[in-house]
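User: I have a structure open and want to go through it with you. Can we take it piece by piece?

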Number of protein chains: 2
Amino acid sequence: MLSSDFESIEKLKEEVNIAKILFQSASTQRKNEALENMIKELEKNRKKILKANELDLKSAKQLLDAGKITKSAYNRLKLDDDKFSTMIEGIKEVIKLEDPVNKKTWAMKLDNELDLYRQSCPLGIIGVVFESRPDVIVQVSSLMVKSGNIVIMKGGKEAQNTNIALYETITKALNSTYGLTKNIVNLLLTRHDFHEILKLEDTIDLIIPRGSSDFVNWVKDNTRIPVLGHSSGVCHIYVEPLADQKKAIDICIDSKIQNPSACNAVETILIDCEILKEFLPKLVEKMKENGVEVRGCKMCAELLPDIGIADEDDWYAEYGDKIVAIKAVRGICAAVNHINKYGSKHTDCIITEDKDAAQAFINNVDSANLFVNASTRFSDGFRYGFGAEIGISTNKLHARGPVGLEGLTTYKYLLYGKGQTVHEYCLGKKTFIHERLL
Amino acid sequence: MLSSDFESIEKLKEEVNIAKILFQSASTQRKNEALENMIKELEKNRKKILKANELDLKSAKQLLDAGKITKSAYNRLKLDDDKFSTMIEGIKEVIKLEDPVNKKTWAMKLDNELDLYRQSCPLGIIGVVFESRPDVIVQVSSLMVKSGNIVIMKGGKEAQNTNIALYETITKALNSTYGLTKNIVNLLLTRHDFHEILKLEDTIDLIIPRGSSDFVNWVKDNTRIPVLGHSSGVCHIYVEPLADQKKAIDICIDSKIQNPSACNAVETILIDCEILKEFLPKLVEKMKENGVEVRGCKMCAELLPDIGIADEDDWYAEYGDKIVAIKAVRGICAAVNHINKYGSKHTDCIITEDKDAAQAFINNVDSANLFVNASTRFSDGFRYGFGAEIGISTNKLHARGPVGLEGLTTYKYLLYGKGQTVHEYCLGKKTFIHERLL
């Protein structure tokens, strides 16, 4: 459904609840057919969609010229032929992925003819809210279809024309798929409607916000529905005394400059005091060569007086830019404590050739992704081989780290009996077998 | 730590954060030694603990006589020699359970010498709050020790003397275990302190409230920390037209009377209209024989004018008593819709000999536990063979249904490299292998 099609949120609620029941047991074949139809319909409407995008770009251009949006915001909004093809490729990848639902993940024979299974199933109804990039609609819709979930989306106002064109095309494809229910994919057009759905804790199982830290925090503070995502990515690299310093330089540079605005870019580098004098000048030189501004702790600034001085705020900062903070630490405990105090539990890395140090780091840093001798930029669902990524979670419950299709499922316990009652087991007339079947 | 030992919540926060880091990598052997020491120390202090309980019982007796507490609340508070031995047996069972942490649950070779593992780890710091039963302290402490978590507990005020005696004994046992950190188990004595810890969302990873629905809902409304538990258990049985009616009667009776105050007892029985005339009188007769009050829908009351009439509130009711609501439904869809509307997503059962009906029920009812031809009372961690139960969850995220040790863990992604950077993969100089290792 589209925001303008339902008169009230009550109507939307009713319709998605019906759709949920009908869609959650759709077969893998049926869901893949729907995805194939999405590809066909998108190709058929390519020109129309790109035209809608031109309308959005025209308005955005005025905002850009007036200095009201950044060039990168303008670029994110743009949907060209290349991005369109990448979008289609994305659906093909989702078709290839294993269906995450109806998988038996554990089983126990409680007694003869009394078998218990744990079986994966869709979460149900998921709300996704994102900023300008309109290709997100296609990516999210395909993941939701594959995992058997109903989705209610809200995109950025600046991409409204493109969003509606994509929504209409996807809906046409889904409605033309034999045996599928209506209203699997739903789009909200106004901020008012989005605020209303945040109240539907009895209907919506999960909210996934994609946007700035402030936005994610705002969503968390304004709903009782569970929220999946990360509000910030303050990632660290700790260069341990037994580090291979050549590797350390390469990894620090890649982690900082390969894409400084990504959430898995490094923000603070911790250098062990033992190697500070030797390593710091080499690192700072390379950073400067790559146009990175360096802000160091007092000890660093004493060694290299021409770098900036970092204050308390820098240790909490997610620069999202070519700026890096550097701090000298005495030993692995100090490094671990700094990360656990200032970090965002996202991705943290140790550079060392010492296995014991690596193990201590991994055991004691309380983050979703812990790396030994590898760039923090590897922290990503596609690079992890999940085939798709709905986001990166810094929650500890449910899904942690990069989240693929599995994070969109839950499970049910299914018990198949022949009329057994608990009474006999309590009296000791019968005893449980408890034999693992799976 | 005990409430009276720390001057402020800040101090507690600092101490448990240190304890977390030190305890999370404790070996299975070390943790089992701690549990063995708990058994020894409890046996050594049996008399002292039972004496402390007598003090609590003395005060409770006055409240009982004054009609301020119920007989069953008084009984729950009581710790006698039998209960004490059962408590000790519980620790022995936990020692036998598999250690849930440091298990590799998934692995992927991203490239040569770049291996990614998903490994289970403790959640960190868990708050548990419970009402009168003092044996919960021992049960919860043993589960937390085995899973490598730090626990902050708050028990009922009426069990204060017993709680302190148990806490001191457990702490002595843990502190005497070679190599373990202090402050693994912590006890709050005042409601004020409990309210304060609900604010520690940056320190506490999970709150587990054990008590009435109202209490669980109150906790959910007063903290931003994730809450694991169920606020109510409105369980259903649907008697389908192709049910074996003998089995149906046995299961309905067992589900209702075997322990009417349990959360997995049945509250509403749905009977298909096709078999209503035949089945209802038999069921009602048996219920009455067992002292159960029956409240029926209009159609039921027309057939049997001497039963009570259920209104809308009855469909939402968790009686927790020998009362059952009965409703006639036309077909499986009506049954499913009733359960999804009025149920609490806890445990629901279908009685049928028809596999297709069973499958449709399982697919479409949105509950944690779905049973075919078995008593709802089987919905329990011990009966499921988990060996221990921390509670039953009606959350869909993280742990659903009965929750054992696994529900007290999360996971980390661990990536072991040799200095790899993302740059080469983006340029196409290197490509990912993505080969599943596990």
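User: What covers the buried residues of helix 3 of chain A?
Analyst: The cover includes helix 4 (71-77) and helix 7 (160-175) of chain A. Before going further, this is a predicted model: local features need pLDDT of at least 70, side-chain atom pairs count only at pLDDT 80 or more, and totals for chains, interfaces and linings use all residues. Residues are numbered from 1 along each chain as its sequence is written, and chains are lettered from A and ligands numbered from 1 in the order in which they are written.

User: Which residues of helix 3 of chain A are buried?
Analyst: They are I49(A), A52(A), N53(A), D56(A), L57(A) and A60(A). A residue is buried if 20 or more other C-beta atoms lie within 10 Å of its own, exposed if 12 or fewer, and partly exposed in between, with C-beta atoms placed from the backbone.

User: What does helix 3 of chain A span, and what follows it?
Analyst: Helix 3 (residues 46-65) of chain A has 20 residues and reaches 28 Å from its first C-alpha to its last, close to the 28 Å expected at 1.5 Å a residue. The expected span is 1.5 Å times one less than the number of residues. G67(A) follows helix 3 of chain A and has a positive phi, near 75°. Helices (H or I, at least four residues) and strands (E, at least two) are DSSP runs, numbered from the N terminus.

User: And chain B, what does helix 3 pack against there?
Analyst: The buried residues of helix 3 of chain B pack against helix 4 (71-77) and helix 7 (160-175) of chain B. Those buried residues are I49(B), A52(B), N53(B), D56(B), L57(B) and A60(B). G67(B) comes after helix 3 of chain B, with a positive phi near 75°.

User: Switching topic. How many helices and strands does chain A have?
Analyst: Chain A has 16 helices and 17 strands. Its C-alpha trace spans about 75 × 75 × 35 Å along the principal axes. Of the 438 residues of chain A, 50% count as buried.

User: At what angle do helix 5 and helix 6 of chain A pack?
Analyst: Helix 5 (residues 81-96) and helix 6 (residues 135-146) of chain A pack at about 10°, with axes 10 Å apart. That makes helix 5 of chain A roughly parallel to helix 6 of chain A (angles under 35 degrees count as roughly parallel, over 145 as roughly antiparallel, 65 to 115 as roughly perpendicular and the rest as oblique). Axes are lines fitted to C-alpha atoms, for helices over the stretch in contact, and angles run from 0 to 180 degrees between N-to-C directions.

User: Which residues of helix 5 of chain A meet helix 6?
Analyst: K83(A), M87(A), G90(A), I91(A) and V94(A). Two residues are in contact if their C-beta atoms, placed from the backbone, lie within 7 Å.

User: What does helix 6 of chain A lie across?
Analyst: Strand 3 (125-130), strand 4, strand 5 and strand 6 of chain A, at about 165° to strand 4 of chain A. An open sheet of four strands in chain A has the order 5-4-3-6, with parallel pairing. Strand 5 (185-188) and strand 6 (206-210) of chain A are at the edges with a single partner strand each, so one side of each has no neighbour in the sheet. The twist averages 20° from one strand to the next. Two strands pair if DSSP finds at least two bridges between them.

User: Which residue stands opposite I152(A) in strand 5 of chain A?
Analyst: N186(A). Strand 4 (residues 150-154) and strand 5 of chain A pair over four bridges in the parallel sense.

User: How many residues does each chain put into the contact between A and B?
Analyst: Chain B puts in 56 residues and chain A puts in 56 residues. Strand 16 of chain B gives the most to the side of chain B that touches chain A, with eleven residues. By class, that side of chain B has 25 nonpolar, 19 polar and twelve charged residues. Ala, Val, Leu, Ile, Met, Phe, Trp, Tyr, Cys and Pro count as nonpolar, Asp, Glu, Lys and Arg as charged, and the others, Gly among them, as polar.

User: Which strand of chain A is joined to strand 16 of chain B?
Analyst: Strand 13 (residues 369-374) of chain A, through five bridges, and the two run parallel. A374(A) stands opposite Q420(B) there.
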